[in-house]
Amino acid sequence: MQLTSDQLTKMTLAEKIVAGIRLKLRFVSQNVGGRFSIEDLYEMPLTFRRKGKNDEAYLDEIAIKLDREIKEAGELSFVKRNQVNVKTQLAFDIVKGIIDSRIAEDDAAKAEAELRAKEKDLMEQLDRIEQREQDNKSADEVRAELEELRKRQA
């Protein structure tokens, strides 16, 4: 599969991932060594994390390395197009896309958790208010409710 930089700029993240799989792209971590597939990227933490006594590969480190490679490969010219390796650009675009989607997922999960916590607080507040209202009923109101309840049971 041959890709040009023009084709690459027009591709969606999903298309880039498919192209990366077809090209059997592998991502190298300088932190821990080893080569990782696109599937592995989805399991990596976003930032540095120590796992037991060992360091883990993480997405930010891989993206920084790829970005550095792209910048170093590009010859500064205001006339010629930058001749960045298309595979390196594809790899960077995939990692950056995964990072962006993971951040969006994390933000959505945090927002959802905040909404659930707020809802729980409001429900507890409502329970307290209703209990206070129940406690503030007069003896006649409680007797009337009790009498109504007994009529329904009979």
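**Review note: helices, salt bridges and core of a predicted model**

1. Lys-71 counts as exposed, with a relative accessibility of 59%. In the terms used here, buried means under 20% relative accessible area, exposed over 50%, and partly exposed in between (1.4 Å probe, protein chains only). The partner of Lys-71 in a salt bridge is Asp-67, and the closest N and O atoms are 3.0 Å apart. Asp-67 is itself partly exposed, at 25% relative accessibility. About one helical turn separates Asp-67 and Lys-71, because the two are four residues apart in helix H4 (residues 59-73).

2. The model is predicted: local features need pLDDT of at least 70 and side-chain atom pairs count only at pLDDT 80 or more, while totals for chains, interfaces and linings use all residues. Residues are numbered from 1 along each chain as its sequence is written, and side-chain values use heavy atoms, with hydrogens and water left out.

3. The protein chain contains six helices and four strands; these are DSSP runs numbered from the N terminus (helices H or I, at least four residues; strands E, at least two). Their order along the sequence is α-α-β-β-α-β-β-α-α-α.

4. Of the 154 residues in the protein chain, 26% are buried. The accessible surface of the chain is about 11700 Å², and carbon and sulfur atoms contribute 51% of this area (Shrake-Rupley method, 1.4 Å probe; for residues, only the protein chains shown count as cover). Among contacts in the chain with a separation of 6 or more, 55% join residues 24 or more positions apart; contact means heavy atoms within 4.5 Å.

5. How many salt bridges does the whole structure hold? The search finds nine, each defined by a side-chain nitrogen of Lys or Arg within 4 Å of a carboxyl oxygen of Asp or Glu.

6. One of these joins Lys-16 to Asp-93, with the closest N and O atoms 3.0 Å apart. This pair links distant parts of the chain, since Lys-16 belongs to helix H2 (residues 13-22) and Asp-93 to helix H5 (residues 86-135), 77 residues apart. Are the two partners buried or exposed? Lys-16 is buried, at 12% relative accessibility, and Asp-93 is buried as well, at 17%.

7. Lys-96 is partly exposed, at 36% relative accessibility, and Asp-100 is partly exposed, at 37%.

8. The largest nonpolar core comprises 26 residues, and those with the most contacts inside it are Phe-27, Leu-41, Leu-90, Ile-94 and Val-95. Such a core is a set of buried Ala, Val, Leu, Ile, Met, Phe, Trp, Tyr and Cys residues joined through side-chain atoms within 4.5 Å. Two or more residues of this core come from each of H2, helix H3 (38-41), H4 and H5. H5 gives the most, with eight residues.

9. Which residues does Leu-41 touch, apart from its neighbours within four places in sequence? Leu-41 is in contact with Phe-27, Leu-59, Ile-62, Ile-94, Val-95, Ile-98 and Arg-102. Phe-27, Ile-94 and Val-95 are, like Leu-41, among the residues with the most contacts inside the core.
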